[in-house]
Amino acid sequence: MKYVRLGNSGLEISAVVLGCMSYGEPERGGHAWTIPEEQSRPFIKQAIEAGITTFDTANVYSDGSSEEIVGRALSDYASRDEVVIATKVHGRMRPGPGGAGLSRGAIMTEIDASLRRLGTDYVDLYQIHRWDPEAPIEETMEALHDVVKAGKARYIGASSMWAWQFAKAQYTADLGGWTRFVSMQDQYNLINREEEREMHPFCVDQGVGVLPWSPLARGKLTRDWDESTARSETDEFGRTLYGQQEEGDRTIADAVAAVAGVRGVSRAQVALAWVRQQHAVTAPIVGATTPQHLDDAVASVDLVLTGEELDLLAAPYLPRFAEGF
């Protein structure tokens, strides 16, 4: 495994981040495709043994049970100072006012709840899961700053939004003398590259690390185009993605398969290697529900695609509307 700095910050993370959305009790949170604790723990252990140090979850994943599973497993398999724990706040966790969003009340309540579920005194990276149009950005940034100053989070990050919103947040932090975001977690893969025009130029200019989610396009780049999985058949959010340019996307998937065939490696390794070799990217967030998923993610770190291969993979892309915000 290799390790990289998250943007201009001092935080060092593994070159692959283990995304933990798949680890959660299926009866909680409406995600029937998640796997329960007993089945999840071996993947977290395998990741640690492979040198992955960075684990990304969220309060809303399986109604908090993802944080519980991740926290217990990391406590059993690693020392706290050996791992980087990232979680998120924004989604609805309870009914009524303050049960969702980025108000001061929601942030202060949810950081404490996340820490309890994770079984830790602090998280390394506390991220806003989306933009909240109802909460003044000044209120949000000051609250996040107070979370950092209280020692409950060491760094803060953001997730999918428009670049103007992210710029507003960063400069609001500057004006208030508050903590800036060090990372942006956004959707980026061979099928959806709109962030190359939208978010990534700002991140590069400002020294913000980029942690792409769905780098394999919900698995569409790893299997035959018409093949489905249990997750693809039941993931309601996933169904809203990758429906704009289906024929063009199929061509991209075929190109991934062609490069993988010539190289003698899996399609997942090729798609992940492409993401990692993009200038703005720090480390992709990869989910794993089979040992092979983790093996491919780790192997992709050492796979260097040629300029010709990069061009072959990128050439079929067709612009689309940004999605996933």
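Residues are numbered from 1 along each chain as its sequence is written, and side-chain values rest on heavy atoms, with hydrogens and water left out. Because the model is predicted, local features need pLDDT of at least 70 and side-chain atom pairs count only at pLDDT 80 or more, whereas totals for chains, interfaces and linings use all residues.

Helices (H or I, at least four residues) and strands (E, at least two) are DSSP runs, numbered from the N terminus. Helix H1 comprises 13 residues, 37–49. The expected span of a helix is 1.5 Å times one less than its number of residues, so H1 should span 18 Å, in agreement with the 18 Å between its end C-alpha atoms. Seven positions of H1, namely Glu37, Ser40, Arg41, Phe43, Ile44, Gln46 and Ala47, are buried (under 20% relative accessible area; exposed is over 50% and partly exposed in between, with a 1.4 Å probe and protein chains only). An α-helix has 3.6 residues a turn, so residues three or four places apart point the same way. The cover over the buried residues of H1 includes strands S3 (17–19) and S4 (54–56), together with helices H2 (65–77) and H10 (291–300), where contact means heavy atoms within 4.5 Å. Just after H1, Gly51 adopts a positive phi of about 100°.

Three cavities of 30 Å³ or more are found in a search of the whole structure. A cavity is a set of points, on a 1 Å grid over the protein atoms alone, where a 1.4 Å probe fits but cannot get out, and its lining residues have an atom within 4 Å of a point. Grid points are joined across faces, edges and corners, and a volume is the space filled by probe spheres set on the points. The largest cavity holds about 50 Å³. Its lining includes Leu6, Val17, Leu125, Leu211 and Ile285, while S4 and strand S5 (84–89) each supply at least two residues. By class, the lining consists of nine nonpolar residues, one polar and one charged (Ala, Val, Leu, Ile, Met, Phe, Trp, Tyr, Cys and Pro count as nonpolar, Asp, Glu, Lys and Arg as charged, and the others, Gly among them, as polar).

Most residues other than glycine have a negative phi. Ala217 is buried, at a relative accessible area of 0%, whereas Arg218 is partly exposed at 21%.

The model contains 16 salt bridges, a salt bridge being a side-chain nitrogen of Lys or Arg within 4 Å of a carboxyl oxygen of Asp or Glu. In one of them, Glu68 pairs with Arg28, with 3.2 Å between the closest N and O atoms. Glu68 lies in H2 and Arg28 in the loop between S3 and H1, so this pair ties together parts 40 residues apart in sequence. Arg28 is partly exposed, at 25%. Another salt bridge joins Glu309 to Arg263 (2.9 Å, N to O). Because Glu309 lies in helix H11 (residues 307–314) and Arg263 in helix H8 (residues 246–263), the pair links parts 46 residues apart in sequence. Glu309 is buried at 13% relative accessibility, whereas Arg263 is partly exposed at 31%.

How values were computed:
On a 1 Å grid over the protein atoms alone, a cavity is a set of points where a 1.4 Å probe fits but cannot get out, and a pocket is an open set with protein on both sides within 12 Å along at least five of seven lines; lining residues have an atom within 4 Å of a point.
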